[in-house]
Amino acid sequence: VMVIKLLKEEGCPDWVIEHSLAVCNKAKEISKNFDVSQELIEEAALLHDIGRSKTNDIDHAIIGANLAIEKGFSNEVASIIEKHVGSGISKKEAIELGLPEKDYIPSTVEEKIISHADNLIHGIEEVDIEFIVNKWKNYQINNLEESIDRLKKVHEELITRFEK
């Protein structure tokens, strides 16, 4: 509730808040199979798009991470926000995109859960891998195959192996 209030205060549009709530539900569902802090998952999922209060560009994740730190959230939360875009952004891709030269690929299970939950929620609707891949094709992502491979690997790690 506090986090939602913060998103409103920061000027996040309603669609961002609705999307963040949907991502939070999905992230909580995925996280049931892992030994992770529910509080961390919830906070980070709700905050993942706080940077959209300032921009809808790809750097909304970096701006959001800085905002989270400014507002007193943990480095862990900030790192999850910073790495949530797509299936992560490699250092090479970051340079191509004009982002600070750094590796933005989710590595902790929490980072992977939030990033993947975000991919699986389009607006507030749940979508499948095929939908995500087609959406990414429209973005003309430079290293699309790499991104798709990362997406499928994380999907296997977080979801598919629990469905068997």
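Start with helix α5 and its cover. Among the elements that cover the buried residues of α5 are α3, α4 (60-70) and α7. Contact here means heavy atoms within 4.5 Å. Buried means under 20% relative accessible area, exposed means over 50%, and partly exposed lies in between (1.4 Å probe, protein chains only). Helices (H or I, at least four residues) and strands (E, at least two) are DSSP runs, numbered from the N terminus.

This is a predicted model, where local features need pLDDT of at least 70 and side-chain atom pairs count only at pLDDT 80 or more, while totals for chains, interfaces and linings use all residues. Residues are numbered from 1 along each chain as its sequence is written, and side-chain values use heavy atoms, with hydrogens and water left out.

**Stop 1: α5**

Select residues 75-82. This is helix α5, and it is mostly covered: six of its eight residues are buried. Which residues of α5 are buried? They are V77, A78, S79, I80, I81 and E82.

**Stop 2: α4 against α5**

Now look along the two helices. α4 and α5 pack at an angle of about 165°, and their axes are 7 Å apart. Axes are lines fitted to C-alpha atoms, for helices over the stretch in contact, and angles run from 0 to 180 degrees between N-to-C directions. α4 and α5 are therefore roughly antiparallel to each other. The cut-offs are these: angles under 35 degrees count as roughly parallel, over 145 as roughly antiparallel, 65 to 115 as roughly perpendicular and the rest as oblique.

The crossing of α4 and α5 is right-handed. A crossing is right-handed if the near helix is turned clockwise from the far one by less than a right angle, and left-handed if anticlockwise.

Show the side chains next. From α4, pick A61, I62, G64, A65, A68 and I69; they meet N75, V77, A78, I81 and E82 in α5. By class, this contact of α4 with α5 has eight nonpolar, two polar and one charged residues. Ala, Val, Leu, Ile, Met, Phe, Trp, Tyr, Cys and Pro count as nonpolar, Asp, Glu, Lys and Arg as charged, and the others, Gly among them, as polar.

Before you leave, click G72. This residue follows α4, and its phi is positive, near 90°.

**Stop 3: α3 against α7**

Select α3 (residues 38-47) and α7 (residues 109-120). They pack at an angle of about 40°, with axes 10 Å apart. α3 and α7 are therefore oblique to each other. Their crossing is right-handed. Which residues of α3 and α7 meet? L40, I41, A44 and A45 come from α3, and E110, I113 and I114 from α7. The residues of this contact divide into six nonpolar, no polar and one charged.

**Stop 4: α7 against α9**

α7 and α9 pack at an angle of about 110°, with their axes 10 Å apart. That makes α7 roughly perpendicular to α9. On the α7 side, select V109, K112, I113, H116, N119 and L120; on the α9 side, L151, V154, H155, E157, L158 and I159. This contact of α7 with α9 divides into seven nonpolar, three polar and two charged residues.

**Stop 5**

Click N119, in helix α7. Is N119 buried or exposed? N119 is buried, with a relative accessible area of 7%. Not counting residues up to four places away in sequence, N119 touches G86, S87, V127, I132, W136 and L151.

Go on to S87. It lies in the loop between α5 and α6 (91-97). S87 counts as buried, at 9% relative accessibility. Leaving aside neighbours within four places in sequence, S87 is in contact with I105, P106, S115, N119, W136, S147, R150 and L151. The C-alpha atoms of S87 and I148 are separated by 7.7 Å, though the two residues are 61 residues apart along the chain.

**Stop 6: the aromatic pair**

How many aromatic pairs does a search of the whole structure find? It finds one. Select F34 and F162: their pair is edge-to-face, 5.3 Å centre to centre, with 80° between the planes. Rings of Phe, Tyr and Trp (its six-membered ring) pair if their centres lie within 6.5 Å; planes under 30 degrees apart count as stacked, over 60 as edge-to-face and the rest as tilted.

F34 is buried, with a relative accessible area of 16%. F162 is partly exposed, at 34%.
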